[in-house]
Amino acid sequence: MQITHNISLKPYNTFGIDAKAKHFVSVSSIEELVTVLKLPEYPEKLILGGGSNMLLTKDQDLLVIHLNIKGISIVSEDKDFIFVKANAGENWHEFVLYCIHNDFGGIENLSLIPGNVGSAPIQNIGAYGVELKDTFFSCEALSLETKNIEIFTKADCHFDYRNSIFKQQAKGKYIITSVTFKLSKHNHKLHINYGTISSELDEMKISNPTIQDISKAVISIRTQKLPNPKEIGNSGSFFKNPVITKAHYLSLLENFEDMPSYAVSENDVKIPAGWLIEKAGFKGKRFEDYGVHKNQALVLVNYGNAKGSDVLKLAELIQITIKRLFDISIEAEVNIL
Ligand SMILES: Cc1cc2nc3c(=O)[nH]c(=O)nc-3n(C[C@H](O)[C@H](O)[C@H](O)COP(=O)(O)OP(=O)(O)OC[C@H]3O[C@@H](n4cnc5c(N)ncnc54)[C@H](O)[C@@H]3O)c2cc1C
C-alpha cells in the first residue's frame with residue numbers, strides 16, 4: 001500500500017475528466033483501509049470504486065481511497081437459494097458473469113453495468129426491470145466514526161428508485177466493504193418483458209431462455225444503445241427520471257400530447273427524463289468538448305478534454321430549461337464531486 005501525490009484521476013473515472021487527486025491510495029484489505037482511515041495527516045477522504053457514477057468538477061484536495069478489496073465466497077445455501085458474498089472491489093459485471101457461469105440466478109438483467117460491487121447498493125443499481133434490491137440480502141459497511149464493521153439488512157438500506165440509506169442519512173458515514181446476495185439455484189425467475197429483451201431473444205432464435213441467454217441479450221442491447229466509456233467519456237444516465245403527480249401530467253398532455261409516462265402509484269407517474277431533454281432540443285448538442293449524446297439524450301458526454309465544471313454547467317442549463325418548459329425538476333443521478 002503506497003500513498004502517491006498529485007495524480008490525475010482521468011484513468012479512474014468513466015467520464016474521463018482530468019481532475020487531480022492531491023493524495024491517492026489503493027487498498028486491498030479491510031486492515032489496509034482501517035490503517036489509512038486512521039492516518040491523522042489525511043482528514044478528508046473520498047472513496048473511489050469504478051468511478052462510473054461521478055462527475056469530478058474540481059481537483060480533489062484530499063486523500064482518494066481506491067477500494068480494491070477483492071474476493072467472492074459462498075456464505076451458505078439451502079435447497080433453493082445460495083448466499084454469495086462479494087467484496088467491494090469486485091467488478092460488478094465480472095461478478096454477474098461469475099454468477100451466470102455457476103447458474104446462480106437473479107442478477108443477469110444487470111449485466112454490463114459498470115462499476116464495482118461495493119457501490120451497487122448506494123443507488124440500488126437497476127436495469128431492464130430488475131434492481132439490486134431484488135437479490136440483496138445484506139452488506140457489511142465500515143463505520144467512519146467507530147472504524148467497526150456493521151451489517152445492514154435489506155430493511156436497513158431503505159432501497160428505492162436509484163436511492164438507499166447510503167445516499168441519505170448514512171451518506172459519507174460508511175464504506176461498504178462487501179455485499180451478500182440471495183440467488184436462485186434453479187427455477188430461475190426470468191424477467192424478459194422489459195425493454196427489448198424479448199425481441200432480442202427472438203432475434204437470437206431463443207424461445208426457452210436461460211439466465212445466460214438473458215445476459216447475452218442485455219449485453220447486446222446495451223452495447224448498441226449506450227456509448228462505451230472507453231470510446232467516449234460518460235457516466236451513463238446523468239439524471240433520474242422524475243416523478244410527478246397525475247394531475248400535473250394531465251395538464252402537460254394538453255401541450256405535449258406524446259409525452260410518455262409510467263404509473264408508479266395511484267397518484268404519481270414517472271416521466272422519462274431522456275424524452276424531456278430531447279424535447280427541449282438538447283439531444284446531440286455539442287459544446288466544445290462536451291455535450292449530450294446523439295442517440296441517448298440522458299447521457300452527457302466528454303469528447304476528450306472537457307472540464308467537469310463545463311459538464312456541470314450544461315447539466316444545470318438542462319435542468320433550468322426542463323423546469324421552464326414543463327415545470328418539472330430533474331435531479332442528477334451522478335454524484336457531483
Ligand atoms: C455506460 C454506463 C452505463 C450505466 N448504466 C447503469 C444502469 O443501467 N443502471 C444503474 O443503476 N447505473 C448505471 N450506471 C451508473 C454506475 O455504473 C453505477 O452507479 C455503479 O454502481 C457505480 O459504481 P462505481 O464503483 O463506479 O461507483 P463510483 O463512481 O466509484 O462511486 C459512486 C459514489 O459512491 C461512493 N462510493 C463508491 N464506493 C463506495 C463504497 N464501497 N462505500 C461507500 N461509498 C462508496 C463514491 O464516493 C461516489 O460518491 C452506468 C454508468 C455508465 C458509465
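**Entry 1: the setting.** I am working with a predicted model, and I began with the ligand. I counted what surrounds the ligand and found 34 residues, the closest being I47, G50, S52, S119 and Q123.

**Entry 2: the make-up of the shell.** I sorted the shell by class and got 15 nonpolar, 16 polar and three charged residues. Then I looked up which strands take part. Strand 3 (45–48), strand 8 (126–127) and strand 12 (174–184) each give the shell at least two residues.

**Entry 3: oxygen atoms of the ligand.** Which protein atoms lie 2.8 Å from an oxygen atom of the ligand? I noted a backbone N or O atom of G51, and a polar backbone atom of P114. For R162 I looked at the side chain, where an N or O atom is 3.4 Å from a ligand oxygen. I also checked the cover: on its own the ligand has 990 Å² of accessible area, and the protein covers 92% of that.

**Entry 4: a look at E131.** I found E131 in strand 9, which spans residues 130–131. Is E131 buried or exposed? Its relative accessible area is 18%, and the cut-off for buried is under 20%, so I put E131 down as buried.

Entry 5: The E131 side chain has a polar contact at 3.3 Å with the side chain of N124. Setting aside neighbours within four places in sequence, I listed the contacts of E131 as L110, N124, I125, G126, D160, Y161 and R162. R162 was already in my notes for its side-chain atom 3.4 Å from an oxygen atom of the ligand.

Terms used: Residues numbered from 1 in each chain as written. Predicted model: local features only at pLDDT ≥ 70, side-chain atom pairs only at ≥ 80, totals over all residues. Heavy atoms only, no water. Near = heavy atom within 4 Å. Polar contact = N/O pair within 3.5 Å; in protein donor to acceptor, adjacent residues only side chain to side chain. Areas by Shrake-Rupley, 256 points an atom, 1.4 Å probe, with all protein chains shown as cover. Helix = DSSP H or I, 4+ residues; strand = E, 2+ residues; numbered from the N terminus. Nonpolar A, V, L, I, M, F, W, Y, C, P; charged D, E, K, R; others polar. Buried < 20%, exposed > 50% of the residue type's maximum accessible area, 1.4 Å probe, protein only. Contact = heavy atoms within 4.5 Å.
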